[in-house]
Amino acid sequence: MKKNMFFTVLAVVLMFLCSTLEAAEFLYTGDNGPGFWAELDPAWEACAGGDNSIQSPIDVNSVIIDPTLKPLVLDLKETPIHLINNGHTIEQEYEVGSSLTFEGVKYELKQFHFHTFSEHTVGGQRSVMEIHAVFTDIEGNFAVIGMLYSIGSENPFLQELINAGLPEKEGDITTNGNINLADGLTQTSSYYTYLGSLTTPPCTEGVKWIILRGYAKMSLDQYKKFRHILGNDFRPLQERNDRKILATVKCPAS
């Protein structure tokens with residue numbers, strides 16, 4: 001009898017441990033939306049922000065021109081198209097071998113993904129979409145290149161992804177084609193930079209953000225294809241908290 005009770009208690013304990021170890025699910029609306037991320041998992045405490053936080057995204061305004069900022073040093077190579085719909089965004093994984101060197105530190109490109117509408121705003125204006133290229137250094141620190149889109153002519157880089165078949169449901173798509181992020185970026189010698197965080201849980205701080213000044217164009221049809229899948233997958237603006245935003249050139253938000 002005692003033995004049976006022991007195994008019953010053990011089973012209950014294991015079930016509890018499994019339930020607590022299960023990853024929390026975050027959304028962009030409702031009770032699992034951005035305002036509640038910090039409550040969903042103790043490891044996501046940074047998502048709550050606060051007076052001394054350095055959370056992202058923020059509005060790019062009142063920038064300081066820094067003549068010491070240099071053009072980005074990027075070594076980007078082709079990678080096989082492998083698109084993932086993780087339930088929050090469409091993500092393209094990147095093979096080892098592509099990098100960004102920024103402020104003397106080398107970062108390896110891990111993936112890029114999309115948000116509609118844009119997460120960052122410039123001078124209070126939100127754009128239709130934003131791409132984030134995520135890099136890490138050997139110590140696991142993040143640098144992220146962000147670029148905003150406006151409606152205009154068809155974008156060949158985005159069309160390659162569309163032609164591959166954007167995954168509409170959670171899952172992944174692999175094709176025989178290759179893609180190179182370098183083909184999708186605007187001028188990399190003109191940008192804003194500031195210290196922020198990841199824009200999804202766990203909202204890790206200390207991220208070097210680099211927002212390209214030049215907007216990329218995308219057609220209305222291309223925008224509708226991304227928007228249909230992504231919906232509103234952007235985090236609301238966070239408090240700037242006296243952070244400086246540096247810029248390579250004068251810009252509309254200065």
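Here are some notes on this predicted model, point by point.

1. Some ground rules to start. Residues are numbered from 1 along each chain as its sequence is written, and side-chain values use heavy atoms, with hydrogens and water left out. Because this is a predicted model, local features need pLDDT of at least 70 and side-chain atom pairs count only at pLDDT 80 or more, while totals for chains, interfaces and linings use all residues.

2. The overall picture. The protein chain has 4 helices and 16 strands; these are DSSP runs numbered from the N terminus, with helices being H or I of at least four residues and strands E of at least two. Of its 254 residues, 46% are buried. Here buried means under 20% relative accessible area, exposed means over 50%, and partly exposed lies in between (1.4 Å probe, protein chains only). The accessible surface comes to about 13100 Å², and 55% of this belongs to carbon and sulfur atoms; the areas come from the Shrake-Rupley method with a 1.4 Å probe, and for residues only the protein chains shown count as cover.

3. Contacts along the chain. Among contacts between residues at least 6 apart in sequence, 67% join residues at least 24 apart. A contact means heavy atoms within 4.5 Å.

4. The disulfide. The structure holds 1 disulfide, defined as a pair of cysteine sulfur atoms within 2.5 Å. C47 and C203 form this link, with their sulfur atoms 2.1 Å apart, and at 95° about the S-S bond it is right-handed. The two cysteines are 156 residues apart: C47 is in the loop between α2 (37-40) and β1 (59-60), and C203 is in the loop between β13 (191-197) and β14 (205-212). C47 is buried at a relative accessible area of 5%, and C203 is buried at 0%.

5. Aromatic pairs. A search of the whole structure finds 12 aromatic pairs. Rings of Phe, Tyr and Trp (its six-membered ring) pair if their centres lie within 6.5 Å; planes under 30 degrees apart are stacked, over 60 edge-to-face, and the rest tilted. Y28 and W37 make an edge-to-face pair, 5.7 Å centre to centre with 80° between the planes, and both Y28 and W37 are buried.

6. F114 and F226. The ring centres of F114 and F226 are 4.9 Å apart and their planes are at 55°, so this pair is tilted. F114 belongs to strand β7 (residues 105-115) and F226 to helix α4 (residues 220-230), so the pair ties together parts 112 residues apart in sequence.

7. Helix α4. Which residues of α4 are buried? They are Q222, Y223, F226, I229 and L230. Seen down the axis of α4, the buried residues fall within an arc of 135°, so they line one face of the helix; the arc is that of the directions from the helix axis to the C-beta atoms. On the other side of α4, K224 and H228 are exposed. Just after α4, G231 takes a positive phi of about 60°.

8. A charge over a ring. R227 lies over the face of F117, 4.2 Å from the ring centre. For this, NZ of Lys or CZ of Arg must be within 6 Å of the ring centre and within 35 degrees of the ring normal.

9. G123. This glycine, G123, sits in the loop between β8 (121-122) and β9 (125-126) and is partly exposed, at 45% relative accessibility. G123 and D59 are 64 residues apart in sequence and 6.6 Å apart in space, C-alpha to C-alpha.
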